[in-house]
Amino acid sequence: LELRNGETRIPRTYVYCLKTAPHDPFRQFATRAKSEPGWRYHEIDASHSPHVTTPDTLMELLLGEL
């Protein structure tokens with residue numbers, strides 16, 4: 001992705017769900033988001049479908065980001 005007008009000013013948040021499959025394809029993206037400037041990072045005790053497994057926790061997190 002090439003940004004033509006500099007870095008984005010849109011808030012970026014990565015939510016990493018801790019209940020993962022044996023092969024966790026999302027860990028690499030979580031690690032990157034955790035270490036890159038401009039990202040907010042959260043972990044929740046949920047599956048990859050947090051809207052199903054922990055909807056209240058997800059809602060609290062998202063409302064807190066507003």
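Colleague: Why does Arg32 count as exposed?

Modeller: Quick caveat before that: this is a predicted model, where local features need pLDDT of at least 70 and side-chain atom pairs count only at pLDDT 80 or more, while totals for chains, interfaces and linings use all residues. Residues are numbered from 1 along each chain as its sequence is written, and side-chain values use heavy atoms, with hydrogens and water left out. Now, exposed means over 50% relative accessible area, buried means under 20%, and partly exposed is in between (1.4 Å probe, protein chains only). Arg32 has 54% relative accessibility, so it counts as exposed.

Colleague: And what makes Arg32 and Glu36 a salt bridge?

Modeller: The call needs a side-chain nitrogen of Lys or Arg within 4 Å of a carboxyl oxygen of Asp or Glu. For Glu36 and Arg32 the N to O distance is 2.5 Å, so the pair qualifies. Glu36 itself is partly exposed, at 28% relative accessible area.

Colleague: How many salt bridges does the structure hold?

Modeller: Two. Lys34 and Glu43 also meet in one, at 3.9 Å, N to O, so they fall within the cut-off too. Lys34 is exposed at 52%, whereas Glu43 is partly exposed at 38%.

Colleague: Why is the aromatic pair of Tyr14 and Tyr41 called stacked?

Modeller: Rings of Phe, Tyr and Trp (its six-membered ring) pair if their centres lie within 6.5 Å; planes under 30 degrees apart are stacked, over 60 edge-to-face, and the rest tilted. Here you get 6.4 Å centre to centre and 5 degrees between the planes, so it's a pair, and a stacked one. The structure holds one aromatic pair.

Colleague: Which parts does that pair tie together?

Modeller: Tyr14 sits in strand β1 (residues 12-17) and Tyr41 in strand β2 (residues 39-44), so the pair links parts 27 residues apart in sequence. Strands (E, at least two residues) and helices (H or I, at least four) are DSSP runs, numbered from the N terminus. Tyr14 is buried at 16%, and Tyr41 is buried at 19%.

Colleague: What about Thr54, buried or exposed?

Modeller: Buried: its relative accessible area is 16%. Thr54 is in the loop between α2 (50-53) and α3 (55-64). Setting aside residues up to four places away in sequence, Thr54 touches Ile44, Asp45 and Ala46, where contact means heavy atoms within 4.5 Å.

Colleague: Where is Asp45 found?

Modeller: In the loop between β2 and α2. Asp45 comes out partly exposed, at 48%.
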